[in-house]
Amino acid sequence: MFRSVLSRGVSAGVLTVIFASSSTYAQQSLPTINVGGARSPVRPTQTTSAPSTATQPSSTGSSRPGEPKTPEERYVVRSATTSGKINVPIRQMPVSVAVVPRQAIVDQNITRAQDAVENVSGVRVISNDVQGQAFIIRGFRAFATYRNFLSFSGPGSPMITDTANVERIEVLKGPSSILYGRTEPGGLVNIITKQPLDYARHVVSQEFGSFAFYRTQWDSSAPIKEVPGLAYRFTGAYQNAGSFLNFQGGRRLIVAPVVRYSPSNRTEITFDAEYLNNAAQVNYGVPVWPFAYGSTPAPIPLSRTFQEPNDPRDSTGQYVLSYNIRQNLNENWKVTNRFLYLHNWYGLQGIQPLSGAANGVTVNRKFDYQADEAHVYSTNIDLEGKLDIIGTHHTFLMGLDYLNRYFEYYKGTSTVPKFPINMFFPIYGTVPSFAYEFGVAGLTNKAHQSTLFRQKGLYIQDHINMFDDRLHVLLGARYDVADVVQGFSRSAGGNTSANQAAANFARLSAVDRIDTGWSPRVGAVFDVTKEVSVYAHYARSFGANNGLNSRQQPFPPQRGMEWEVGLKARLLNDVLATLAFYQLTRSNLTTRDFASPDPTALKLAGLQRSRGIELDVIGTVTERMAIIANYAYTDAKVIADNWRNPLNPYGSGLLYDHLDNVPRHSGKIWLTYDFGENGLGWRVGGGVTAATHAWGDIQNTFVLPGWARLDGFASYTHLIDGHKLTAQLNLRNINNAQYFNSSDGQWNNPPRLALFAAQPFTAVGTVRFEW
């Protein structure tokens, strides 16, 4: 792999703050809170997040004290700490935040994060099973994903999330720079991992299904009796699966141990690690047809690929080391320090589509090689406290964070088409196995990029309850200093010395760009009744670096701004509903500078806007029935651009184009019903997920058709000697809808050559034993 060295170096530090204070606001003193939500002893007067999905049955099948008695109760969501890093009910936060609980992941048999976010309005995914996933939230791509509140993935450090170690997924919509620094304005996804339990619980499950799908998953947790305050949890999964796509499929292993030590009720220290190895084949997708001017996907089977049976397996790997230290200074103040180190990499080589021939039948193919290695250091320290000031109750937060992400990326392609193939009547086996190694060695177009992102931020936030707790005000601001050191080079030839010379040149030619910026937010929630609240919110974000202009001067960073109003309600048995109306803009976008003879020259002329309505519903309709429902209306388009007009005939012509992979209407409804008692007996559920058509590229030259998919499941749980045995059957895409999840435009090919087909009808059976 590449040597991860820059002259500026890679550094990381753990910040330390010592602060002590007292307060008369004893009525809401700080609880003992554990990241992940598995262990949260809190006074009854406080509202907390939904309990862990874990249950420990007695001989009668009832749950442990404090645990939900039925799976429906595990759909209840009351708080999501991603929205403010504080333990405040969602009803009192003037932002849109949605939670996918563990029970929904189990019921829907979800193994990847990209499938889980279908339960949240306004969220789409562009992904493949090797190079990672990118989310689209409120029309804008969100490259950064967070893990327990720390930056986990981003540009140059793609990530695959297996749900074996996921407790829940929280999605914060709208600008989130106030707490998380440089992010895209649409929002962010925060993965909350599983944490040790205070009692012994062990679960093993075996899954088997369509397309040779096999998966073994385990989850074991218990306190260590010999050491008071010490507990562990060990989760993981091994998966070996085929695919509905020709010559696809692969193996995945995830192992995730975590240890928590609580020497007293004021101190908690958690260490965790995660290792994931993934060997699969990159899906390059299918093209639009006719190639040059078509506006719809090619009329070929969705299972068709243009790779070969002997194409070498591609690989991805990552490991994470992290800790979380929480120290209560007194009953109202605490300090939390988090740290995360991520090392990930991927490598792929093979044959992929290059272009479509003029005859509309032949697909020209090329050799392709890519490799990426990333190191991420992320840390923060938060001071949180509660105090009483002149009849107002404050939850105060102040924090510092630091992010260091370094990656090296190498790409090589052949510029001369090789091994053409008939799109409608493909004949495979024309590429000899030895040709892959020779083909990579003889690549004629090579590029190497070395990049170092660094970010330091200071943020302050205050959540204020006043007027008998009917008005909730949120104020906050953040200041960031972020820089990017980036070098780029190209080379020809395939020998190792040429590659190393290109890498060295990329590092030596690196240019340092520094950005600074403020990210404020202000909002308020007013409780109209005990069940219904109205809210309003304004926020700005500090976004991606825009590179250099033709004079090698840095452009200002992208900025986001959002206005949002809405309603929040607690309805029926225990259903949380959020209705949001928003307008979000992203500015300081670059477009082609046609005044310069340089075809790569850029200028600031871009502005994008997303307007929409979103509805998220989750909770229990009755004691036996639970619901997840969402709907999103999203109007995302370019509203300023270097427009092509009579005075500027060479403009880029994107004005009023809609953003790609963003359907105007999308939504889901999912219902479950429990026929048994205390989580035993029969349980069934199902629902519909749908979206209207979306443009497949930013130029709006082709359309991804709309679709609707029907899913369902049934399970039966029985006690054997006091332990739970569950048999479950999941059916996905029961109506066998043929549709596309997205186009690429992210990793490998232009969107017109890379449409990602969705899975057809699949069935998966699960046997799960818990003791």
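Over residues 1–62 of this predicted model, pLDDT stays under 50, and the model has 191 contacts beyond four places in sequence for that stretch. Where pLDDT is low, the predicted coordinates should not be read in detail. Across the chain, pLDDT averages 85, with 83% of the residues scoring at least 70.

The chain holds five helices and 38 strands. Of its 771 residues, 60% count as buried. Among contacts with a separation of 6 or more, 70% come from residues 24 or more positions apart. The accessible surface comes to about 29,000 Å², and carbon and sulfur atoms account for 61% of that area.

A search of the whole structure finds 39 of them. In one, the side chains of Arg-683 and Asp-107 meet at 2.4 Å, N to O. Because Arg-683 lies in strand S31 (residues 681–691) and Asp-107 in helix H1 (residues 102–107), this pair ties together parts that are 576 residues apart in sequence. Both Arg-683 and Asp-107 are buried.

Another salt bridge joins the side chains of Lys-173 and Asp-616, at 2.7 Å from N to O. Here two strands are tied together: Lys-173 belongs to S7 (residues 166–173) and Asp-616 to S28 (residues 602–620), so the linked parts are 443 residues apart in sequence. Lys-173 is buried, as is Asp-616. These two residues also take part in a network of salt bridges, in which they are linked with Arg-138, Glu-562, Glu-564 and Glu-614.

A further salt bridge is formed by the side chains of Asp-198 and Arg-260 (2.8 Å, N to O). This pair also links distant parts of the chain, 62 residues apart: Asp-198 sits in the loop between strand S8 (187–193) and strand S9 (201–209), while Arg-260 is in strand S12 (residues 250–264).

Lys-386 presents another case. This residue is placed in strand S18 (residues 362–389). Lys-386 is buried but has no salt bridge. Why is there no salt bridge, given the side chain of opposite charge at Glu-384? A salt bridge requires a side-chain nitrogen of Lys or Arg within 4 Å of a carboxyl oxygen of Asp or Glu, and Glu-384, the nearest side chain of opposite charge, is 4.8 Å away. The side chain of Lys-386 does make a polar contact, at 3.2 Å, with the side chain of Thr-395.

The backbone has some local features to inspect as well. From Trp-289 to Pro-290 the peptide bond is cis, with omega near -10°. Pro-290 is located in the loop between strand S14 (288–289) and strand S15 (296–297).

Lys-85 is not a glycine, yet its phi is positive, at about 60°. Lys-85 falls in the segment before strand S1 (97–100). With 7% relative accessibility, under the 20% cut-off, Lys-85 counts as buried. Asn-700, also not a glycine, has a positive phi of about 60°. Its place is the loop between strand S32 (694–695) and strand S33 (703–704). Asn-700 is buried too, its relative accessible area being 15%.

Technical notes: Residues are numbered from 1 along each chain as its sequence is written. This is a predicted model: local features need pLDDT of at least 70, side-chain atom pairs count only at pLDDT 80 or more; totals for chains, interfaces and linings use all residues. Side-chain values use heavy atoms; hydrogens and water are left out. Helices (H or I, at least four residues) and strands (E, at least two) are DSSP runs, numbered from the N terminus. Buried means under 20% relative accessible area, exposed over 50%, partly exposed in between (1.4 Å probe, protein chains only). Lys and Arg count as positive and Asp and Glu as negative; His and the chain ends are not counted. A polar contact is a pair of N or O atoms within 3.5 Å; within protein, one must be able to donate a hydrogen and the other to accept it, and residues adjacent in sequence count only if both atoms are side-chain atoms. Contact means heavy atoms within 4.5 Å. Accessible areas come from the Shrake-Rupley method with a 1.4 Å probe; for residues, only the protein chains shown count as cover. pLDDT is the predictor's confidence in each residue, from 0 to 100.
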